[in-house]
Amino acid sequence: MTRVLSVSSVFPPHRYPQPEITEALARCLPPGSDAGLLRRVHASVRVEHRNLALPLERYGPSNDFGATNALFVDTALELGARATALALAGGGCAPQDVDLVMSTTVTGLATPSLEARLVTRAGLRPDVKRMPLFGLGCAAGAAGLGHLHDLLTGRPADAALLLSTELCSLTLQPTDTSMANLVAGALFGDGAGALLAVGREHPLYDTGSGPTVVASRSRLYPGTEGLLGWDIGHWGFRMVLGRELPELVRLHVAEEVETFLAGHDLKPGDVDAWICHPGGPKILDVLAETLSLPDGAFAASRRSLASAGNLSSASVLHILGGIQADGPPAPGAVGLMLAFGPGFASELVLLRW
């Protein structure tokens with residue numbers, strides 16, 4: 001078993017209400033564009049506030065990939081260092097006692113990777129094992145926890161850190177009027193999260209109130225590769241977002257959840273805490289309907305979406321941290337972490353408090 005000792009979330013200081021972001025992006029549209037459509041999309045996603053990597057006035061039609069990516073690296077390092085320090089302090093673990101650090105992002109490029117650049121800054125050991133992940137998209141927070149569990153099962157005396165740093169606003173193409181870009185501009189926010197976990201033989205295993213990881217599952221859905229991801233070129237990252245995604249969730253993901261839970265003699269109604277990536281309100285609505293869940297099942301996900309937007313891979317860490325902060329579920333409670341990403345893929349992690 002793997003124990004989650006602590007979870008942290010941090011945000012850049014530039015925080016804005018959704019209507020202010022909406023009007024700023026409407027001013028960037030090319031002449032003749034339908035600003036009314038942009039406003040309707042922004043109003044429909046149930047996001048109330050978001051934090052951005054830059055002050056709002058610095059977002060505009062020009063988008064130099066090199067300059068933007070340099071901003072990504074600098075800001076991601078600052079947020080990553082803060083998230084790491086908070087997670088380590090929350091779990092009572094000294095930086096030099098971390099044996100593995102895994103980092104994930106899908107909103108910028110860095111070589112050396114982010115966790116390599118953070119080793120000295122965060123006080124980690126020079127011989128810490130490193131595993132950078134790129135390309136898993138919004139699913140990477142859940143996938144990362146599943147991978148940590150696999151690694152700690154084989155090294156049960158170790159401590160591991162998962163770091164997710166996503167600066168979604170830096171990928172925005174302000175003059176792109178495609179529906180995919182309008183939805184991205186309405187949904188995504190910036191932030192970072194870190195999770196500290198230990199194996200079952202670690203001295204800190206029985207401390208704290210975090211959940212244990214029971215099992216995880218990854219699933220690719222063939223024939224859906226072109227429905228979610230990035231179109232990468234000299235312009236930077238351009239969102240690929242198929243309109244079919246909610247229906248894919250309806251047709252495949254709900255069955256995947258039921259099958260996964262059934263393997264552990266559970267049903268959706270047995271889950272006490274849903275840590276579901278808020279890909280958007282429609283995704284949450286479809287899942288709740290298909291799984292026959294009560295209205296409040298995804299309350300933590302909806303709160304995260306409203307307060308911070310879709311944070312890509314960092315969202316599930318923000319949601320889990322919120323659940324812990326509100327008072328962890330009772331001992332024996334069941335949790336399910338669920339996220340989606342390019343592939344099209346789903347990632348499931350079964351938790352128990």
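User: A salt bridge is a side-chain nitrogen of Lys or Arg within 4 Å of a carboxyl oxygen of Asp or Glu. How many salt bridges does a search of the whole structure find?

Analyst: Good starting point! This is a predicted model, in which local features need pLDDT of at least 70 and side-chain atom pairs count only at pLDDT 80 or more, while totals for chains, interfaces and linings use all residues. Residues are numbered from 1 along each chain as its sequence is written, and side-chain values use heavy atoms, leaving out hydrogens and water. For the whole structure, the number of salt bridges found is 16.

User: How many residues apart in sequence are the parts that Arg219 and Glu256 tie together?

Analyst: Arg219 and Glu256 form a salt bridge, with their closest N and O atoms 3.0 Å apart. Arg219 lies in strand 8 and Glu256 in helix 7, so their pairing ties together parts of the chain whose separation is 37 residues. Helices (H or I, at least four residues) and strands (E, at least two) are DSSP runs, numbered from the N terminus, and the separation asked for is 37 residues.

User: Is Glu256 buried or exposed?

Analyst: Buried means under 20% relative accessible area, exposed over 50%, and partly exposed in between (1.4 Å probe, protein chains only). Arg217, which meets Glu256 in a salt bridge at 3.2 Å, N to O, is partly exposed at 24%. Glu256 has a relative accessibility of 9%, so Glu256 counts as buried.

User: Where is Asp326, the partner of Arg303?

Analyst: The side chains of Arg303 and Asp326 meet in a salt bridge of 3.6 Å, N to O. This pair links distant parts of the chain, 23 residues apart. Arg303 is in helix 9 (residues 299–308), whereas Asp326 sits in the loop between helix 10 (315–325) and strand 12 (334–341).

User: Which are the edge strands of the sheet?

Analyst: Strands of a sheet pair through backbone hydrogen bonds, either parallel or antiparallel. Here two strands count as paired if DSSP finds at least two bridges between them. The open sheet has 9 strands in the order 5-4-6-7-1-8-13-12-11, with mixed pairing. Pairing on one side only, the edge strands are strand 5 (129–134) and strand 11 (273–276).

User: Which residue is the bridge partner of Val10 in strand 7?

Analyst: Strand 1 (residues 2–10) and strand 7 (residues 190–199) run antiparallel, joined by 8 bridges. For Val10, the bridge partner in strand 7 is Ala192.
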